[in-house]
Amino acid sequence: MAKASKGASNASKSASPDKTKMQSEPALLELFIDEIKDIYWAENHLLKALPKMQKAATSTQLAAAIEEHIAITQTHVARLEQVFELLDEKPQAKKCDAMEGLTKEGEGILEDTEEGTATRDVGIILASQKVEHYEIATYGGLAQLANTLGLTDVAELLTQTLNEEKQADEKLTSIAENDINYQASQEEAK
Ligand SMILES: [Fe+2]
Ligand SMILES: [Fe+2]
């Protein structure tokens, strides 16, 4: 199915630019593949950024949650490689400016907060949840697009990742609400 669509896409590109024959699908497929490359870059970038956050976390519960999400992120990378295979494309990363910005923001929080404080953990959670929401938006939109393109297997893989990103977000909320936010509210600024 994916191979057939891809073939059709290439055929339309190399053939005459007869607009009546070029339906919206080939352009949409091209955009879709580009966006897969973007999130592939983003997930790989996160694999480099997350260990820093894990090391900087004060709460052992938060550090454990981040460690768990590193393993899950590796699964997301592998799943995207499966998506590339289904699309008959080589895995390729395309720089994601948004994820670069989000991880920079996380690093900024480490610079602006004191080591060993709950306040730093609050900052790490905020930065991490921004990342999760970016991923939720991306995978939600891409899963929907995959269905529109008739790429059911791809949509299933993306939906699995989408659900794991939602779970990660919820876990961060519960860690913040159960303990860390209150502890941080008791800390004085230095
Ligand atoms: Fe992910
Ligand atoms: Fe994530």
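Predicted model: local features only at pLDDT ≥ 70, side-chain atom pairs only at ≥ 80, totals over all residues.
Residues are numbered from 1 along each chain as its sequence is written, chains are lettered from A and ligands numbered from 1 in the order in which they are written, and side-chain values use heavy atoms, with hydrogens and water left out.

The lining of the largest pocket divides into 13 nonpolar, five polar and four charged residues, where Ala, Val, Leu, Ile, Met, Phe, Trp, Tyr, Cys and Pro count as nonpolar, Asp, Glu, Lys and Arg as charged, and the others, Gly among them, as polar. A pocket is here an open set of points on a 1 Å grid over the protein atoms alone, where a 1.4 Å probe fits, with protein on both sides within 12 Å along at least five of seven lines, and its lining residues have an atom within 4 Å of a point. The largest pocket holds about 350 Å³ of space, the volume being that filled by probe spheres set on grid points joined across faces, edges and corners. Of its 22 lining residues, Ala65, His69, Glu132, Ala168 and Leu172 lie nearest the centre. Two or more lining residues come from each of α2, α3 (60–86), α4 (97–112), α5 and α6, helices being DSSP runs (H or I, at least four residues) numbered from the N terminus.

Two iron ions are present, and glutamate 135 bridges ligand 1 and ligand 2, which lie 3.4 Å apart. For the iron ion (ligand 1), the protein donors (N, O and S atoms within 2.8 Å of the metal, or 3.2 Å for Na, K and Ca, with water not among the atoms, so that sites may look incomplete) are Glu43 (OE), Glu43 (OE), His76 (ND1), Glu135 (OE) and Glu165 (OE), at 2.1 to 2.6 Å. Along the chain these donors follow the spacing E-x32-H-x58-E-x29-E. Glutamate 43 counts as buried because its relative accessibility is 0%, the class being set at under 20% relative accessible area, with exposed over 50% and partly exposed in between (1.4 Å probe, protein chains only). Glutamate 135 is likewise buried, at 0%.

Glutamate 132 is buried at 4% relative accessibility, and glutamate 165 is buried at 0%.

Further buried positions include leucine 151, with a relative accessible area of 4%, in the loop between α5 and α6. In helix α3, arginine 79 is buried at 9% and, leaving aside neighbours within four places in sequence, is in contact (heavy atoms within 4.5 Å) with Leu157, Gln160, Thr161 and Glu164.
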